[in-house]
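User: I'm new to this one and would like a quick tour. Can we go through it step by step?

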Amino acid sequence: MDSFKSLLEKKQYDLVISLTSAEGKEEDLFFRLAAYLGKGDSQKAADLFFKNRDRLYAFNPLLTMKTNFELRDILKQYDKAYEDEPYFENKPYVSQEVEEYLRDLPKLIRIMERNSSLSAGLSSDKVDGILKTSKDDYQILTLLSAMTGAMAKEHITAIKTLLVSSRHSEVKTYAFLLLISARCAEEVTFTKNGKSYHLVPAETNPPYSGKIFSDFLSYLRKAAGDPSVSGIAESLLNDYILDVYPEEVLTKSEDPLLASALLKIARSYLRNDQETEETHARYALEKEAVDKEAEKIALVLKKHPPLGI
């Protein structure tokens, strides 16, 4: 029998639900929640989650917080999202990652609420008009980030026009990801970062998915040994992947060179280079190779800095 994670990746949601229990172990509950969300049954997921929130938080605080606000966003329960803040703020200290997430919560909720209002307040023709004629990349990206796969199906033609435009690379990436989410089965041709692509969205894997990605994040966190450093390194990785996508960044679960380069940049942000040499020695890496990889990543991010909606 495949693992629950593998079954979810194969979209076998009903099987995951049948093999787990609403009263089961905390780890299994998270898989059950993911299966409900995969099926689009967000209310059942919410009922299960909020009934068990206390013990889920004790098991995995950060994942519980992220799930909490993802569900509030899906259900458009923004008033309740604001009410949830004290629940988490009054918990004892767990880690720097949790503290950083708490710090950003008010901004996160405001963005979710704004995106929901934007998408709900526009007619279909108005959305198409903005996608086709707006010269504001921030406006376009905000609108795209507020769309679901179902909404994207109504605007596939307009979204395709973004791919053949001279838009910021992040806009093109979001446009293509929406076509993936909408299961668009027609080949699209577009140029991004000077390269031409001919891809069928429905047959293309999105970034930030799969076992290699999740395994590499675990590897990166272990290599960092410091939540502050690993948090910045993960953010850099996500921005880098998004910028070069659909080029592939991760090809293996453990990549010492890539991890060391990301950690080098992250530590430079914190003005903490003391552990860099130790990292080189631990993975038998040449300093020049790490510097070259770090420079390559930094140049990509500098050339196309994230829009940061």
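User: How many helices and strands does the protein chain have?
Analyst: Keep in mind that this is a predicted model. Both kinds of element turn up in the protein chain: the strands number two, and the helices number 18.

User: What share of the protein chain's residues count as buried?
Analyst: Here a residue is buried when its relative accessible area is under 20%. The protein chain has 309 residues, and the share that counts as buried is 44%.

User: Which helix holds the partner of Phe4 in its aromatic pair?
Analyst: Let's start with the pairs: the structure holds 10 aromatic pairs. Phe4 belongs to helix α1 (residues 4-9), and 27 residues away in the chain Phe31 sits in helix α3 (residues 26-39).

User: How many residues apart in sequence are the parts that Tyr57 and Phe88 tie together?
Analyst: These two rings form a tilted pair too, at 5.9 Å centre to centre and 45° between the planes. Tyr57 is in helix α5 (residues 53-59) and Phe88 is in helix α7 (residues 78-89), so the parts they tie together are 31 residues apart.

User: Which residue lies over the face of Tyr87?
Analyst: Tyr87 belongs to a cluster that ring pairs build from Tyr57, Phe69, Tyr87 and Phe88. At 3.7 Å from the ring centre of Tyr87, the residue over its face is Arg53.

Notes:
Residues are numbered from 1 along each chain as its sequence is written. This is a predicted model: local features need pLDDT of at least 70, side-chain atom pairs count only at pLDDT 80 or more; totals for chains, interfaces and linings use all residues. Side-chain values use heavy atoms; hydrogens and water are left out. Rings of Phe, Tyr and Trp (its six-membered ring) pair if their centres lie within 6.5 Å; planes under 30 degrees apart count as stacked, over 60 as edge-to-face and the rest as tilted. Helices (H or I, at least four residues) and strands (E, at least two) are DSSP runs, numbered from the N terminus. A charge sits over a ring if NZ of Lys or CZ of Arg is within 6 Å of the ring centre and within 35 degrees of the ring normal. Buried means under 20% relative accessible area, exposed over 50%, partly exposed in between (1.4 Å probe, protein chains only).
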